[in-house]
Amino acid sequence: MSAVTAPVRAPMGPMLVRQTSAEFLKLWRVPAFSATSLLLPIVFYAFIGIGQANETLPGTHVKFGAYFLASMAVYSVANVMIFSFGISVATERGMKTDLLMRATPLPPLVYLLSRCITAIVFAALTLAVLFPFAYIAGGVRLEAEQWFTLAYRVLLGSVPFIALGFAIGYLSGPNSAVAVINLIYLPTAFASGLFFPKQLLPEIIQNISPYLPLYRFGQLGWDAVGAPTSESVTTDWLYLAGYGIAFFAIAIWAYRREESRKFS
Amino acid sequence: MAPAAQLVDATKKYGSVEALKGVSFEIELGDVVAMLGPNGAGKTTAISLLLGLRKPTSGKALLFGLEPTNLLARSRVGVMLQESGVPGMLKVSEIVDLFRSYYPVPLPRDRAIAMAGLEEKAGSLVKELSGGQRQRLYFALAVCGNPDVLFLDEPTVGMDVEGRRSFIERIAEFAKLGRTVVLTTHYLEEADQLAKRVIVIDRGLVIADAPPAEIKSKVAGKRVRFNAPTLDQKDLEGLPVSAVTSRDHGVQLLTNQPEAVLRELFRRGVDISELEVSGADLEDAFIALTTHPAKATQ
């Protein structure tokens with residue numbers, strides 16, 4: 001047979017580039033995802049942040065505009081992580097795309113990596129929209145170092161939420177994923193003080209919020225813009241790391257469960 | 001050299017259901033093989049084992065002598081699965097390029113798209129394709145990696161007659177390049193047009209493995225239906241028919257010689273109305289053959 005090729009594999013680099021651009025286009029072309037994740041944070045910022053942007057937080061010289069920018073940065077990046085993974089994983093399971101992909105020589109690691117890169121690029125894009133908006137419309141002025149610290153902390157701190165998105169994607173159906181995520185995400189965002197400072201929340205919720213991953217994530221952001229937080233940044237990172245490990249464990253469990261049902 | 005694909009005494013249980021009960025066959029490079037059998041016979045399970053999508057409960061499945069999950073083996077295989085969707089928000093050309101990037105020596109993009117007859121839809125989003133176009137896209141994705149072996153699980157399911165005919169031609173063109181093709185189907189005519197070898201699977205077992213002509217000769221090719229209120233069992237005695245069923249006054253039977261059977265029935269004075277003769281698909285025939293093996297006459 002002249003047509004028989006030598007046993008070789010395709011190079012992973014170009015594969016990763018193609019896969020990542022495909023994953024990106026898939027999300028970009030769904031306005032329900034791309035428009036809401038890019039524009040919703042600035043809409044919230046316009047409604048809640050701008051009116052009182054120049055008021056200082058009680059007992060500090062930090063402006064509310066900067067404080068709320070940190071809140072929205074955390075909100076929007078975690079939102080991208082959970083939604084992009086949760087919905088795309090659930091949808092592909094629903095369409096059985098995962099079955100076809102499994103029969104191709106695409107290494108699972110490349111698949112996973114392309115997803116992570118896409119989510120991080122999307123998250124960076126939301127920041128690229130939110131930061132200038134807060135600067136221009138909210139008059140937020142930070143040191144260069146503070147902008148940078150805020151950006152890298154919210155990108156790095158979002159890793160546990162990637163795992164959470166994965167877990168939800170494997171545990172919920174293609175049609176219920178959005179509802180499940182909204183039911184979990186929006187209330188916890190409120191309870192973590194991302195929309196209104198924690199002090200304004202009912203006392204019972206104030207007692208819960210320190211244990212919420214989004215609250216810890218929020219603290220990293222608030223600290224980056226100089227707002228006071230309840231514990232040290234190290235404590236917040238440790239909390240997030242703990243949640244990250246727990247979410248990854250759940251995601252792996254959910255993945256394996258799926259594996260043994262569909263592919264054993 | 002190791003065979004392109006191989007099952008060695010493979011069994012597969014889903015819970016208490018035994019989908020494969022010890023199946024062995026070897027498919028050499030260049031073979032064009034059709035796996036035939038009724039729904040639920042175990043064809044898809046056999047393909048799933050060969051693709052590493054399922055693990056055999058016992059026995060072995062091998063691709064090029066390797067585990068089917070080995071990426072070296074998978075790099076030489078193209079796949080078209082039943083009912084597996086692809087993302088709707090990518091363009092045809094984009095998803096073909098994506099799948100090409102998985103393979104070491106892919107076909108040029110335009111060639112893969114042309115082989116599937118999708119030139120005019122190359123710039124369209126996948127979600128805009130019709131059912132038949134989608135099926136052709138899956139074919140493009142299966143061949144775009146320039147695979148040595150092509151697995152097609154029920155590739156023409158849901159297509160109309162014309163769609164099936166042209167699709168079979170596309171598969172035949174690919175096979176002409178000297179490639180190995182393994183397809184499952186329950187249409188005898190497809191197997192007949194394409195395959196040099198037919199593996200018949202029924203209830204988890206290989207019941208025949210031979211060239212199509214040989215298989216066909218074992219199967220009654222026409223289904224005859226008519227109404228005959230006065231027919232009794234003795235009117236059919238000695239006739240080359242099988243799988244006779246009757247309900248109310250309607251009678252259905254399978255035969256390779258419909259003309260001879262009908263001539264004899266008229267001669268015997270059976271009162272026949274609403275006569276209908278059609279090609280039995282293999283599924284009917286196999287169900288008949290396997291449920292009434294003693295009555296199968298030739």
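Helices (H or I, at least four residues) and strands (E, at least two) are DSSP runs, numbered from the N terminus. This is a predicted model, in which local features need pLDDT of at least 70 and side-chain atom pairs count only at pLDDT 80 or more, while totals for chains, interfaces and linings use all residues. Residues are numbered from 1 along each chain as its sequence is written, chains are lettered from A and ligands numbered from 1 in the order in which they are written, and side-chain values use heavy atoms, with hydrogens and water left out.

Q: In which strand of chain B does B:Asp9 lie?
A: B:Asp9 is a residue other than glycine, yet its phi is positive, near 45°. Its relative accessibility is 48%, so B:Asp9 counts as partly exposed, a class that lies between buried (under 20% relative accessible area) and exposed (over 50%), with a 1.4 Å probe and protein chains only. The strand that holds B:Asp9 is E1 (residues 5-14).

Q: Does B:Asn146 count as buried or exposed?
A: B:Asn146 also has a positive phi, of about 55°, although it is not a glycine. Its place is in the loop between helix H5 (131-143) and strand E6 (149-153) of chain B. Because its relative accessibility is 15%, B:Asn146 counts as buried.

Q: What is the mean pLDDT of chain A?
A: The pLDDT is the predictor's confidence in each residue, from 0 to 100. In chain A, 97% of the residues reach 70 or more, and the mean pLDDT is 89.

Q: Which element gives the most to the lining of the largest pocket?
A: On a 1 Å grid over the protein atoms alone, a pocket is an open set of points where a 1.4 Å probe fits, with protein on both sides within 12 Å along at least five of seven lines, and lining residues have an atom within 4 Å of a point. The largest pocket has a volume of about 1000 Å³, and among the residues closest to its centre are A:Arg102 and A:Tyr255. With 7 residues, the element that gives the most to this lining is H11(A).

Definitions and conventions
Grid points are joined across faces, edges and corners, and a volume is the space filled by probe spheres set on the points.
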